[in-house]
Amino acid sequence: MSASDPVSGPDPRPFRVAVTDSDGWAAAAKALETGLGELEPSPGRQSLGWLYVTDALAEDYGSIVSYLRQKTGVHHWIGSVGLGIAAIAPDGAGTWAAHERFGRPAAVAMIADLPRDGFRVLPRLGRDVDEIDGGMRRWMATATPPFGIVHGDPMNAAVPELVEALAQEMENAQLEVPGFLVGGLTSSMGAHYQLADEVVAGGLSGALFAPSVEVATGLSQGCLPLGPVHRVTDCMENVVMTLDGVPALNVFKDDIGELLARDLGRVAGYIHAAFPVAGSDTGDYVVRNLMAIDPEHGWLAVGGMVETGDGVLFVRRDPAGAEADLIAMVEGLKARAPGPARGAVYFSCVARGPGMFGAEGRETALIREVLGDVPLVGFFGQGEISNTRLYGYTGVLTLFL
């Protein structure tokens, strides 16, 4: 089972959501409490909270969550620090709107009402999945969670391997299908904190969900392919020497077109290399930056290791393409869902947001135009996780149904 396919157990009540850019942690915490409103206890169910803050509030993260835990009675919280946060939530006047906040104190919180045994918070893993404690393992063995939301520290080089290993630990032995993880890497000018019931750092944390929690996910690459997939026929480390037996630069020029080929200085940050994900039935690929061009030898250097036989294509990233791809992803996700979403979580790259879409709030507004007033929280990170892989420049959306 993949997290892109809904599972059973929907609940009609929408999640509670609130956003604030109040100055100072105390004012921010109070504004979130007010925005979330009074929570009605539900017999046989359990609440999970998300809390994302901008890095201006990183050092007060623990104070904010302690306040919210005390005032709301919600014990379990997950989240991360980001250079920016995102929300679809009521504004101060009670009118629903899309919100993004960058470069100033801001926070967003959401509370979900879920089946009592529908989730478990995953404490921080630093180096190995062997750090998962016995209680968590017993629940995983019984619940067989197919889906998880995780936050990682970009300063820990083991995080990509932890993501993959955790998915394997979640594997449904009967179906031989690994777990499906989504999430993001913390972004901050200061401390790289995450939240997993308590403030943590240095690893991977989040929450795993049982099949009784119904979800659907989508990935927006924000790129448009410029040509077919080519095969790497000669390379060394991150340098592609030949594609399809031809100097890599020659193939590159053919794909990008004559105008760009005459002025290669214009391709920086605009044209990228993309590596198709093996076994993907949705055409997913991992985008890597072009690091250097060697006109003398006809070689290309990319931001990642390359092996002979790898597939590679060249893609264009621009605002128009990113908007079209995001809208198509959200529309496809909404069409697959059996009913309205109760809430949503969105992970986007810090290179997107206003830098890609032209204005603060535009990216999240595009999602709202398709989904409507669905409670949504998220943050802008240094990498995005989808289906256990680490991506860049993407947007990853999860709907709770």
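Reply: Start with helix α7 (residues 319–336) and helix α9 (residues 362–371): their axes come within 9 Å and cross at roughly 35 degrees. Axes here are lines fitted to C-alpha atoms, for helices over the stretch in contact, and angles run from 0 to 180 degrees between N-to-C directions. Helices (H or I, at least four residues) and strands (E, at least two) are DSSP runs, numbered from the N terminus. The model is predicted, so local features need pLDDT of at least 70 and side-chain atom pairs count only at pLDDT 80 or more, while totals for chains, interfaces and linings use all residues. Residues are numbered from 1 along each chain as its sequence is written, and side-chain values use heavy atoms, with hydrogens and water left out.

α7 passes α9 in a right-handed crossing. The handedness is right-handed if the near helix is turned clockwise from the far one by less than a right angle, left-handed if anticlockwise. From α7 come E323, L326, I327, V330, E331 and K334; they meet R362, E363, L366, I367, V370 and L371 of α9. Contact means heavy atoms within 4.5 Å. The residues of the α7–α9 contact divide into seven nonpolar, no polar and five charged. Ala, Val, Leu, Ile, Met, Phe, Trp, Tyr, Cys and Pro count as nonpolar, Asp, Glu, Lys and Arg as charged, and the others, Gly among them, as polar.

The axes of helix α1 (residues 25–36) and helix α2 (residues 61–72) come within 9 Å and cross at roughly 35 degrees. α1 passes α2 in a right-handed crossing. W25, A29, K30, L32, E33 and L36 of α1 touch S63, I64, Y67, L68, K71 and T72 of α2. This contact divides into seven nonpolar, two polar and three charged residues.

Now the cores. A nonpolar core is a set of buried Ala, Val, Leu, Ile, Met, Phe, Trp, Tyr and Cys residues joined through side-chain atoms within 4.5 Å. The largest has 36 residues, of which L48, W50, Y52, I149, F209, V345 and F400 touch the most other members. Strand β6 (residues 107–115) gives the most to this core, with four residues. Beyond four places in sequence, the contacts of W50 are W77, I78, V108, A109, M110, A112, I149, F209, V345, V377 and F400. A second, separate core of 22 residues includes A322, L326, A341 and L397. L326 is also one of the α7 residues that meet α9.

Strand β27 (residues 395–400) holds T398. T398 is buried, with a relative accessible area of 0%. Buried means under 20% relative accessible area, exposed over 50%, partly exposed in between (1.4 Å probe, protein chains only). Leaving aside neighbours within four places in sequence, T398 is in contact with F147, V182, V215, A216, T217, G343, A344 and V345.

Next, strand β16 (residues 239–243). Five of its five residues are buried, so β16 is largely enclosed by the rest of the structure. Strand β15 (residues 230–236) runs antiparallel to β16, joined by four bridges. Two strands pair if DSSP finds at least two bridges between them. M236 stands opposite V239. The β15–β16 hairpin has two residues between the strands, and E237 takes a positive phi near 55 degrees. β16 also pairs with strand β21 (residues 299–302), antiparallel, over two bridges. There V239 stands opposite A301. Two bridges join β16 to strand β17 (residues 246–247), again antiparallel. T242 stands opposite P247. In the β16–β17 hairpin, D244 takes a positive phi near 55 degrees.

A301 leads on to A292, which touches W299, L300 and A301, not counting residues up to four places away in sequence. A292 lies in strand β20 (residues 290–294). With a relative accessible area of 40%, A292 is partly exposed.

Last, the open sheet. Six strands follow the order β7-β12-β8-β9-β25-β26, with mixed pairing. β7 (119–125) and β26 (389–391) are the edge strands, each pairing on one side only. The twist averages 20 degrees from one strand to the next. Five bridges join β7 to strand β12 (residues 204–209), which run antiparallel. R120 stands opposite L208. Helix α3 (residues 134–143) lies across β7 and β12, at about 135 degrees to β7. Helix α4 (residues 159–169) lies across β7, β8, β9, β12, β25 and β26, running at about 20 degrees to β12.
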